[in-house]
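Biologist: Please take one part of this model and describe it closely, with the cut-offs behind each term.

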Amino acid sequence: WNGVRSLLVAAPDERGQLQYVAEVASGLSDAHRMSLLARLARLRCERPVVTCPKRGTWVEPVVCCQVKYLERTDRGRLREARFAGLLDER
């Protein structure tokens, strides 16, 4: 596979602190998967910026995307999250 499989997404909580909210794979087109691979490779870091239960390749949290979802859980996670595009594409 030569592209991003999914995104581990963080969003600000009610205090403005970033927290892990979802793993998003649905909605990512092949074009997005390939362009994100090149873009995110330049932003790699050794550790996640937020506590995350998933394994992944960590990047600085500077790329913003829109995510559509059904609802938020009591823990602040996004249920049925779907990638809806990068914010700088709009």
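Modeller: S1 and S2 form a hairpin with five residues between them, and in the turn Gly16 has a positive phi of about 85 degrees. Strands here are DSSP runs (E, at least two residues) and helices are DSSP runs (H or I, at least four residues), numbered from the N terminus. The model is predicted: local features need pLDDT of at least 70, side-chain atom pairs count only at pLDDT 80 or more, and totals for chains, interfaces and linings use all residues. Residues are numbered from 1 along each chain as its sequence is written, and side-chain values use heavy atoms, with hydrogens and water left out.

The pairing of S1 with S2 is antiparallel and runs over six bridges; two strands pair if DSSP finds at least two bridges between them. Pro12 has Leu18 in S2 as its bridge partner.

In a regular strand the side chains alternate between the two faces of the sheet. Buried means under 20% relative accessible area, with a 1.4 Å probe and protein chains only.

Leu7 is also among the residues with the most contacts inside the largest nonpolar core, together with Val24 and Leu36; this core has 16 residues. Strands S1 (7-12), S2 (18-24) and S6 (82-86) and helix H1 (30-41) each give two or more residues to this core. Such a core is a set of buried Ala, Val, Leu, Ile, Met, Phe, Trp, Tyr and Cys residues joined through side-chain atoms within 4.5 Å. Leaving aside neighbours within four places in sequence, Leu7 is in contact (heavy atoms within 4.5 Å) with Ala22, Glu23, Val24, Leu28, Leu36, Leu40 and Phe83.

Conventions
Buried means under 20% relative accessible area, exposed over 50%, partly exposed in between (1.4 Å probe, protein chains only).
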